[in-house]
Each structure stands twice: as C-alpha cells, then as structure tokens.
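The following report describes the fold and selected local features of one protein model. Please consult the sequence and the structure shown below while reading.

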Amino acid sequence: MSVGDLTILVDDVPRRVPAGTTVAVALLQLGITEFRRDLSGRPRGPLCAMGSCFECRVTIDGVADVRACLTVVQDGMRVERVR
C-alpha cells in the first residue's frame with residue numbers, strides 16, 4: 001500500500017484503504033459490493049454514488065444508516081455492513 005493509506009475496520013477486520021476516498025469507494029476497491037440487505041433479504045450496494053438513493057447505508061463508529069458514498073474514510077474508523 002502507499003504512504004497515503006490508512007486503516008479502517010470492516011466488520012472487525014483491519015483493512016488498508018486510500019486516504020481521501022469515501023467509505024463506498026474504499027469498500028468497492030476491497031471487492032465488497034454487499035453493504036446491506038433489504039427487507040426481503042436481497043443484497044444492496046451503492047447505486048447513485050451521490051447520496052440520493054440510500055442503498056449504500058452502513059454503520060460507522062456505531063452510528064447506523066450512514067451513507068457510505070458521502071462519508072470520507074478516517075483512520076481507525078469502524079465500518080459494519082448491515083446484514
């Protein structure tokens with residue numbers, strides 16, 4: 001990884017991601033496409049990437065339903081996918 005990387009915890013697993021990216025971009029770069037499940041149990045992930053669809057919601061540092069596409073990663077951030 002490069003000098004501009006930082007560590008976030010994704011479902012309690014430490015992951016190195018580029019600083020300055022959104023949580024959605026960081027997760028997608030890690031190969032994670034399922035951010036949550038809908039009421040029928042179908043996987044959901046980013047759709048619009050600009051905050052209007054709410055499909056990319058995750059829990060960040062204990063706060064539920066945060067839009068991953070609007071949140072910039074911070075060192076030590078805890079990201080939990082909603083399952």
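D11 is found in the loop that connects strand 1 (5–10) to strand 2 (13–18). Helices (H or I, at least four residues) and strands (E, at least two) are DSSP runs, numbered from the N terminus. The D11 side chain makes a polar contact of 2.8 Å with the side chain of R81; a polar contact is a pair of N or O atoms within 3.5 Å, where within protein one must be able to donate a hydrogen and the other to accept it, and residues adjacent in sequence count only if both atoms are side-chain atoms. With neighbours within four places in sequence left aside, D11 is in contact (heavy atoms within 4.5 Å) with V79, E80, R81 and R83.

The model is predicted, so local features need pLDDT of at least 70 and side-chain atom pairs count only at pLDDT 80 or more, whereas totals for chains, interfaces and linings use all residues. Residues are numbered from 1 along each chain as its sequence is written, and side-chain values use heavy atoms, with hydrogens and water left out.

**Overall architecture**

The secondary structure of the protein chain comprises 1 helix and 7 strands, arranged along the sequence as β-β-α-β-β-β-β-β. An open sheet of 5 strands has the order 2-1-7-5-6, and its pairing is mixed. Strand 2 and strand 6 (63–67) are the edge strands, each pairing on one side only. Two strands pair if DSSP finds at least two bridges between them. Strand 5 (residues 57–60) pairs with strand 6 in the antiparallel sense over 3 bridges, and I60 stands opposite V63 in strand 6.

The C-alpha trace of the protein chain spans about 40 × 25 × 20 Å along its principal axes. The radius of gyration of the protein chain is 12 Å, which agrees with the value near 12 Å for a compact globule of 83 residues; the radius is taken over C-alpha atoms, and the globule rule is 2.2 Å times the number of residues to the power 0.38. Among contacts between residues at least 6 apart in sequence, 36% join residues at least 24 apart. Buried residues account for 35% of the 83 residues. Here buried means under 20% relative accessible area, exposed over 50%, and partly exposed in between (1.4 Å probe, protein chains only).

**Loop residues**

L39 lies in the loop between strand 3 (36–37) and strand 4 (43–44). L39 and R78 are 39 residues apart in sequence, and their C-alpha atoms are 24 Å apart in space.

Two further residues, A49 and F54, are placed in the loop between strand 4 and strand 5. Most residues other than glycine have a negative phi. A49, however, has a positive phi of about 60 degrees, and F54 has a positive phi of about 65 degrees.

**Cysteines**

How many disulfides does the structure hold? There are 0 disulfides, a disulfide being a pair of cysteine sulfur atoms within 2.5 Å. The sulfur of C56 has its closest cysteine sulfur in C69, at 3.7 Å, which is too far for a bond.

**Accessibility of the residues discussed**

| Residue | Relative accessible area | Class |
|---|---|---|
| C56 | 2% | buried |
| C69 | 10% | buried |
| F54 | 39% | partly exposed |
| A49 | 56% | exposed |
| L39 | 92% | exposed |
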